[in-house]
Structure formats: C-alpha cells, structure tokens
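Reader: I would like to go through some backbone and helix-packing features. Please take them one at a time.

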Amino acid sequence: MEQYITYITEELKALTAIPSPSGYTKEVVQYVFDTLTAMGYAPEISRKGNVSACLGGEGDPLVLAAHVDTLGAMVRSIKGNGRLRPTTLGGHRWKTADGENCTICTRDGKVYTGVVLNREPSVHVADSDVEQKEGNMEILLDENVFTKEETAALGIQVGDIIAMDPRTVVTKSGYIKSRFLDDKLSAAILLGLAKAAKDGEVTFSRKITVLFTVYEEVGHGGAVLPEDTAEIISVDMGCVGDDLECTERKVSICAKDSGGPYNYDVITGLVNAAKAAGADYAIDIYPHYGSDAEASLRAGYDVRHGLIGPGVYASHNYERSHVDGVKNTFLLLKEYIKA
C-alpha cells in the first residue's frame, strides 16, 4: 500500500508542475497519456483532449473520471501601463490569488513570470483597501515593460494563459498542500490505481476505464463517455467545511450536490465498499458543487452516477489534504471494483 501512496504523491507533484488551466491542457494530457503508455496500457486521446484507458475486466462498464484542467485566467487586455488585465477561467476567486506568483504562456510558446496584485496593494499608499474582484486585479510581468506597446513586443496578446503557481508541499506529518488538489490529487490517485492494477494488486469484477477530463472546471469535461458506459464515478475532491462530516484524512462520498442527488444504489455500494475495505469515510452534501458525472447526465447518457474524493480543505484556494485521505480513497476504489 505505502508504495502506491508514495507513487501518488510523486505523481501529484509532477501533475501540479504542469500549467493546465481549462483550455490549455495539451501538455498535461500528453503527460498522462505517456504515463499510462509506459505502464503498458493503450490510452486514447479524444478530439476535445480527454484521455481514457481501459484497465481490464468485462461487463457492466464503469468509468472512473478525474479532471486535469484547473482554475486559472486569461489575458483580457493589455493596459496602458503594460500590465495585464485578466479574465477568469472556471470558478477562480481573485481574493485567494492576490499576491500569488504566476506564469504567462503565450500562443507562440514563450513563457513569462509575473505576480497577481490588486491595482493598489501597498498599505503605505492606498487610502482604503481595494476590493479583490476581477476588474481590480492586474498581472505585473517580471519584465521591464511600462507601456502597452512594450508588453505587446514581448509577444503577449489577448487570449494568452495565466497560470497560478501551485506551491506543492507534502509535510512530514502527511499533509498535502497545493493549489489544484482539485483535481490533480484524484488524477494522481487514478494513476496509482492503474499502476496497482498493472502490478496485479487489483482485480476487476467488471470493465474498468479511467478517464482524465480537461474541461471540468467550465462544466463539460464528462460530456463524452465511452458508448458502453453503464456507470460513472467522478473521483474529485471531497469537501471539508461547515456542516460537513469529512476531514482531510477521510474519503468523502457525496450524496447530493447542486445538481441534485447521486444514484442511491451507487452511493450505497460505495458506502458498503468503504466499510468492507476499512476505509475512514464520510457521507456529505455539497451545496455548491458540480461534477463530471453530472455533465455526463446533462449530455444525455443513461448511466448510474456517483462522486467520491479525498477530503480537501479550502477549495478554489491554496488547498490542503492528507495522505490518509489519499489512502482511504485508494482503498475504497480497490474494494469497489474488485472481483
């Protein structure tokens, strides 16, 4: 078990190191494809960029889906002072990024660094606090540019991608801290499950496909599934917060979110699997949440659906989880799919 938890944390570091806001995911897609190929699978990349691979098994096909796209931003315009005005990608919250370092990726392959700040961040200058909303935020490039023309001369233009630094850390006490644990932590868990399956540590009671989606943060990552899919489980983040039972050290099973209830029988099966595996779990309701599984239903697929994930605190922020949450999610998945 411990070797797979170590593998998962190492894969998390690799995944978070690759900038991949929604719409800019080609590099992370290639990484996942190459990783699965190196394990001995035959992954496929869809036209929209999703990566899928069948792990094995027959009958009653189950898709386990995690997303590798993240929150981020895009250049909306270049201001007269040479700074960048951003526009949000996904449910990005600017007040959580004020003061964060970032990377700007241009359409011709250039990469620049910068910092996200509100338009008057200095307490020694500002008469009052500036509200941290999109129209008040700027990207200051780490370049000597002071006019729109100087910035444009670098090759930066409208539509270029702005990716926040992840700052991934795993502490000696097992806490995992990073941006984009939603959902690169569960993507790493699925890679760990694929590795365990290839090592013969996982057996299948049915056909199992892992799916890595690239537009979840904007609502349509899971809108295309293998045609034979009977069930989809989004392996995403478990919420930690007020009026919830989950902690960073548990696996969360979601009974209902903003899209309504998940399939009752699937949730019951997940709970029974958690009990059988000895996994520390919680059943929770997320009032402001949507998943790839729901995107599949909205797209018209006639499938059963569920949602699980390791507990993650401070979602859409600098997030925190724990290796115990990873372990409990891994144990639940192994039990749920085993023969």
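Reader: In which loop is the place of Asp-60?

Author: This is a predicted model. Asp-60 sits in the loop between strand S2 (51-56) and strand S3 (62-67).

Reader: Which value does phi take in Phe-180, and where is Phe-180 found?

Author: Phe-180, another residue other than glycine, has a positive phi near 70°. Phe-180 belongs to the loop between strand S11 (175-178) and H4. With a relative accessibility of 9%, Phe-180 counts as buried.

Reader: Which residues does a cis peptide bond join?

Author: The general idea is that most peptide bonds are trans. Here the bond between Asp-182 and Asp-183 is cis, with omega about 10°. Asp-183 is part of helix H4.

Reader: Now the helices. What describes two packed helices?

Author: Two values do: the angle between their axes and the distance between the axes. For helix H2 (residues 26-39) and helix H4 (residues 181-198), the axes come within 10 Å and cross at roughly 15°. H2 is therefore roughly parallel to H4, as angles under 35 degrees are classed that way. The crossing of H2 and H4 is right-handed.

Reader: Which residues make the contact of H2 with H4?

Author: H2 contributes Val-32, Thr-35, Leu-36 and Met-39, while H4 contributes Leu-191, Ala-194, Lys-195 and Lys-198. By class, the contact of H2 with H4 holds five nonpolar residues, one polar and two charged.

Reader: At what angle do the axes of helix H1 and H2 cross?

Author: The axes of helix H1 (residues 2-16) and H2 cross at roughly 150° and come within 11 Å. H1 is thus roughly antiparallel to H2, the class for angles over 145 degrees.

Reader: Which residues in H1 and H2 meet?

Author: On the H1 side they are Tyr-7, Glu-11, Ala-14 and Leu-15; on the H2 side, Val-28, Tyr-31, Val-32, Thr-35 and Met-39. The contact of H1 with H2 has seven nonpolar residues, one polar and one charged. Val-32, Thr-35 and Met-39 of H2 take part in the contact with H4 and also meet H1.

Note on methods: Residues are numbered from 1 along each chain as its sequence is written. This is a predicted model: local features need pLDDT of at least 70, side-chain atom pairs count only at pLDDT 80 or more; totals for chains, interfaces and linings use all residues. Side-chain values use heavy atoms; hydrogens and water are left out. Axes are lines fitted to C-alpha atoms, for helices over the stretch in contact, and angles run from 0 to 180 degrees between N-to-C directions. Helices (H or I, at least four residues) and strands (E, at least two) are DSSP runs, numbered from the N terminus. Angles under 35 degrees count as roughly parallel, over 145 as roughly antiparallel, 65 to 115 as roughly perpendicular and the rest as oblique. A crossing is left-handed if the near helix is turned anticlockwise from the far one by less than a right angle, and right-handed if clockwise. Contact means heavy atoms within 4.5 Å. Ala, Val, Leu, Ile, Met, Phe, Trp, Tyr, Cys and Pro count as nonpolar, Asp, Glu, Lys and Arg as charged, and the others, Gly among them, as polar. Buried means under 20% relative accessible area, exposed over 50%, partly exposed in between (1.4 Å probe, protein chains only).
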